[in-house]
Amino acid sequence: AAEQLSMHTGPTIGALVTATFGNAPELVLSILALKKDKVELVQASLVGSMLSTLVLMTGVSLLVGGLLHRDQNFSGTYVVSNSGLLLVSCMALSLPTMYVYLVPNTHNDLKMSYAAALMLALVYLQFLYHQTTSGSTRDEAEERAHFPLWVLLGAMLGLTLLMAAHSELLVRSVEGVVASTGLNEHFIGVILLPVVGNSAEHVVAITAAARNRISLAVGIAFASCTQIAVFVVPLTVLAGWLQGGKMDRSEERRVGETGRSR
């Protein structure tokens, strides 16, 4: 469906839409976990998702594409724009932690997290506007699609809703897995949940790379990581704020409290 969609819109918009549908279950899973007060699991899962999409998905796609095809080309402009946005998100994500580290007794870290979340969401909306109005997206579509656009969007929406429905079962099973296997909850959040949750995007990107559509594969990887950093994370922070929780982006205070409890 992702490849067919890219034939309608071009690889840039196709990758963006694929990443949006793929990250919707991640957002649902994070909100459900916040309702159960699993803040550390949510933070670990979001960080793990960014790492798995940017490092694992990109690396495997380039490896598979390089083994099957001698020459592969992708848009450097798209990679540069996403890399710049990721740099901005990294600075925004690190500000609350640095602030708590420099001012240990502060109580303004939550306010800083909320402000950074709002700014990141605004930056992402501006990025979307740039991507959809740049005028180069439709020109990238070279092949003719076999299915209408509304059929592809409906199929992807249906799969996304199905995965979102299973997210609640996944959150419920975490405690049982920790109790039965002895695995650390952070390991589950950083390694297992992101790989399982983003498995569909991994398959789509690797399949696209194997079919010599490396622009779509790299686009999905970068779009997914960027979207998590500047859209899913801010929405999760704001969702925790609305629920009355403390889903901030400051890890320093939590690490310190865990160390003192031990």
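Is His202 buried or exposed? Select His202 to begin: its relative accessible area is 10%, so it is buried, where buried means under 20% relative accessible area, exposed means over 50% and partly exposed lies in between, all with a 1.4 Å probe and protein chains only. The model is a predicted one, in which local features need pLDDT of at least 70 and side-chain atom pairs count only at pLDDT 80 or more, while totals for chains, interfaces and linings use all residues. Residues are numbered from 1 along each chain as its sequence is written, and side-chain values use heavy atoms, with hydrogens and water left out.

**Around His202**

Colour helix H8, residues 199–210, which contains His202; helices here are DSSP runs of H or I with at least four residues, strands are runs of E with at least two, and both are numbered from the N terminus. Then show Ser52, Leu56 and Met57, with which His202 is in contact once its neighbours within four places in sequence are left aside, contact meaning heavy atoms within 4.5 Å.

**The whole chain**

Zoom out to the cartoon, where the chain has 10 helices and 0 strands. Of its 262 residues, 44% are buried, and among contacts with a separation of 6 or more, 84% join residues 24 or more positions apart. Switching to a surface, the accessible area of the chain is about 13,500 Å², with 66% of it belonging to carbon and sulfur atoms, as computed by the Shrake-Rupley method with a 1.4 Å probe, only the protein chains shown counting as cover for residues.

**The nonpolar cores**

Next, select Leu46, Met50, Tyr124, Ile228, Val230 and Val233, the residues with the most contacts inside the largest nonpolar core, which has 32 residues. Such a core is a set of buried Ala, Val, Leu, Ile, Met, Phe, Trp, Tyr and Cys residues joined through side-chain atoms within 4.5 Å. Several helices supply at least two residues each, including H2 (11–35), H3 (39–68) and H4 (76–102), and H9 gives the most, with 8 residues. Centre on Ile228 and, leaving aside its neighbours within four places in sequence, its contacts are Asn23, Leu46, Ser49, Met50, Val233 and Pro234. Apart from this core lies another, of 15 residues, among them Val79, Ala205, Ala209 and Leu216.

**Aromatic pairs**

Now show the aromatic side chains, which form 3 aromatic pairs; rings of Phe, Tyr and Trp (its six-membered ring) pair if their centres lie within 6.5 Å, with planes under 30 degrees apart counted as stacked, over 60 as edge-to-face and the rest as tilted. Tyr114 and Trp241 are a stacked pair, at 4.3 Å centre to centre and 5° between the planes. Because Tyr114 lies in helix H5 (residues 109–133) and Trp241 in helix H9 (residues 214–242), the pair ties together parts that are 127 residues apart in sequence. Tyr114 is buried at 9% relative accessibility, whereas Trp241, at 44%, is partly exposed. Then select Tyr124, Phe127 and Phe231, which ring pairs link into a cluster.

**The cysteines**

Finish with Cys90 and Cys225. A search of the whole structure finds 0 disulfides, a disulfide being a pair of cysteine sulfur atoms within 2.5 Å. The sulfur of Cys225 is 7.8 Å from the closest cysteine sulfur, in Cys90, and is therefore too far for a bond. Cys225 is buried at a relative accessible area of 2%, while Cys90 is partly exposed at 48%.
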